[in-house]
Amino acid sequence: MKLTASGIKKDFPRAGKTSNFFTAVQPLDIELSSGRLTVVSGRSGSGKSTLLNMLAGLLTPSAGSVCLDGTDIYALSDGALSRLRNASLGLIPQGNTALNSLSVLENTLLPSVLYSKCAPPYETAASLLGQLGLGSVKDEKPSALSGGELRRMSVARALLTRPGVILADEPTAGLDDENTLLVLSLLRRYADDGACVLIVTHEDEAGRFADEQLTMNGGMLSR
Ligand SMILES: Nc1ncnc2c1ncn2[C@@H]1O[C@H](COP(=O)(O)OP(=O)(O)OP(=O)(O)O)[C@@H](O)[C@H]1O
Ligand SMILES: [Mg+2]
């Protein structure tokens with residue numbers, strides 16, 4: 001599998017000024033390929049999440065294209081893009097996106113049941129939560145979890161379907177050293193098993209797990 005972005009950029013309108021734009025991501029190319037773990041690091045506000053969200057099919061670029069195995073994802077209908085994202089992309093978004101009406105286990109299972117007619121993979125989900133140190137809280141509601149536990153739940157939710165592409169936005173934010181290592185090693189293992197993995201982070205730890213390290217600075221990506 002290959003995710004290729006060519007010339008993507010993102011302009012946001014400046015608040016209160018209709019004719020003025022702020023360019024959060026300057027035109028850039030990036031390619032994620034099977035078996036490789038890419039890390040993009042950069043300071044807060046440098047454009048990392050904007051870049052990741054464009055790659056994830058969540059934010060339409062102001063210019064350029066994002067292709068998954070040759071399919072221009074932003075040329076698809078909303079329904080087709082949703083299905084493609086569900087089938088191929090595992091997203092660890094920045095911040096907490098848990099649904100509080102569901103348990104930790106049910107949150108983890110959510111992407112796997114959305115379009116599937118198969119029985120939910122309860123055992124695989126429970127085992128993955130166990131690997132991430134969340135076995136004892138799987139029946140809790142997310143509101144009962146700590147920030148670091150919620151982060152690890154997002155990791156489990158993104159990995160459960162074994163997606164071909166894994167996009168991780170600050171996957172180790174708020175984690176202690178031991179859990180940081182746990183999460184980064186798990187993402188490395190998924191890359192070794194053939195996934196395309198991207199981690200964007202302002203922390204330094206991910207670098208030593210990377211095949212390729214890039215830096216984002218003021219919306220510009222450099223090698
Ligand atoms: N929807 C939006 N409208 C206007 N400006 C935005 C929007 N989203 C992001 N920005 C701006 O774009 C820039 C890049 O934001 P982005 O969230 O990509 O940074 P980041 O590198 O992920 O930062 P952090 O490390 O804090 O998560 C910031 O200056 C931000 O204020
Ligand atoms: Mg961010």
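This is a predicted model: local features need pLDDT of at least 70, side-chain atom pairs count only at pLDDT 80 or more; totals for chains, interfaces and linings use all residues.
User: How many of the residues of β3 are buried, and what follows for its place in the structure?

Analyst: A residue counts as buried if 20 or more other C-beta atoms lie within 10 Å of its own. Strand β3 is largely enclosed by the rest of the structure, because the number of its residues that are buried is six of the six.

User: Which strands pair with β3, and in which sense, parallel or antiparallel?

Analyst: Strand β8, residues 196-201, is joined to β3 over five bridges in the parallel sense, and Val 40 stands opposite Val 200 in β8. With strand β9, residues 212-217, β3 also has five bridges, and there Gly 42 has Met 216 as its bridge partner.

User: In what order do the four strands of the open sheet stand, and which strands are at its edges?

Analyst: The open sheet has antiparallel pairing, and its four strands follow the order β2-β1-β4-β5. Each edge strand has a single partner strand, so one side of it is left without a neighbour in the sheet; these edge strands are β2 (21-33) and β5 (71-72).

User: How many bridges join β1 to β4, and what is the bridge partner of Leu 3?

Analyst: Strand β1 covers residues 2-13 and strand β4 covers residues 63-68, and the two run antiparallel with five bridges between them. Within this pairing, the residue of β4 that is the bridge partner of Leu 3 is Leu 68.

User: Which strands does α1 touch, and what angle does its direction make with that of β1?

Analyst: Helix α1 packs on the sheet, where it touches β1, β2 and β4. The angle between the direction of α1 and that of β1 is about 125°.

User: Which residues surround ligand 1, and which helix gives the largest share of the shell?

Analyst: The shell around ligand 1 includes Phe 12, Ala 24, Gly 47, Lys 48, Gln 94 and His 202, and its residues divide into two nonpolar, nine polar and one charged. The largest share, three residues, comes from the helix that spans residues 48-55, namely α1.

User: Where does Glu 170 lie, and is it buried or exposed?

Analyst: Most residues other than glycine have a negative phi. Glu 170, however, is not a glycine and has a positive phi of about 50°, and its place is in the loop between β7 (165-169) and α6 (177-192). Because 21 other C-beta atoms lie within 10 Å, Glu 170 counts as buried.

User: Where does Asp 69 lie, and is it buried or exposed?

Analyst: Asp 69 has a positive phi of about 45° although it is not a glycine, and this residue belongs to the loop between β4 and β5. With 12 C-beta neighbours inside 10 Å, Asp 69 counts as exposed.

User: With which residues is Gly 35 in contact, leaving aside its neighbours within four places in sequence?

Analyst: Gly 35 lies in the loop between β2 and β3 (37-42), and because it has 14 C-beta neighbours inside 10 Å, Gly 35 counts as partly exposed. Although Gly 35 and Phe 22 are 13 residues apart in sequence, they lie 35 Å apart in space, C-alpha to C-alpha. Leaving aside neighbours within four places in sequence, the contacts of Gly 35 are Ala 191, Asp 192 and Gly 194.

User: What is the radius of gyration of the protein chain, and what would a compact globule have?

Analyst: The protein chain has six helices and ten strands, and buried residues make up 39% of its 223 residues. A compact globule with 223 residues would have a radius of gyration near 17 Å, and the value for the protein chain, which agrees, is 17 Å.

Notes
Residues are numbered from 1 along each chain as its sequence is written. Chains are lettered from A and ligands numbered from 1 in the order in which they are written. A residue is near a molecule or strand if its C-beta atom, placed from the backbone, lies within 6 Å of it. Ala, Val, Leu, Ile, Met, Phe, Trp, Tyr, Cys and Pro count as nonpolar, Asp, Glu, Lys and Arg as charged, and the others, Gly among them, as polar. Two strands pair if DSSP finds at least two bridges between them. Two residues are in contact if their C-beta atoms, placed from the backbone, lie within 7 Å. Axes are lines fitted to C-alpha atoms, for helices over the stretch in contact, and angles run from 0 to 180 degrees between N-to-C directions. The radius of gyration is taken over C-alpha atoms; the globule rule is 2.2 Å times the number of residues to the power 0.38.
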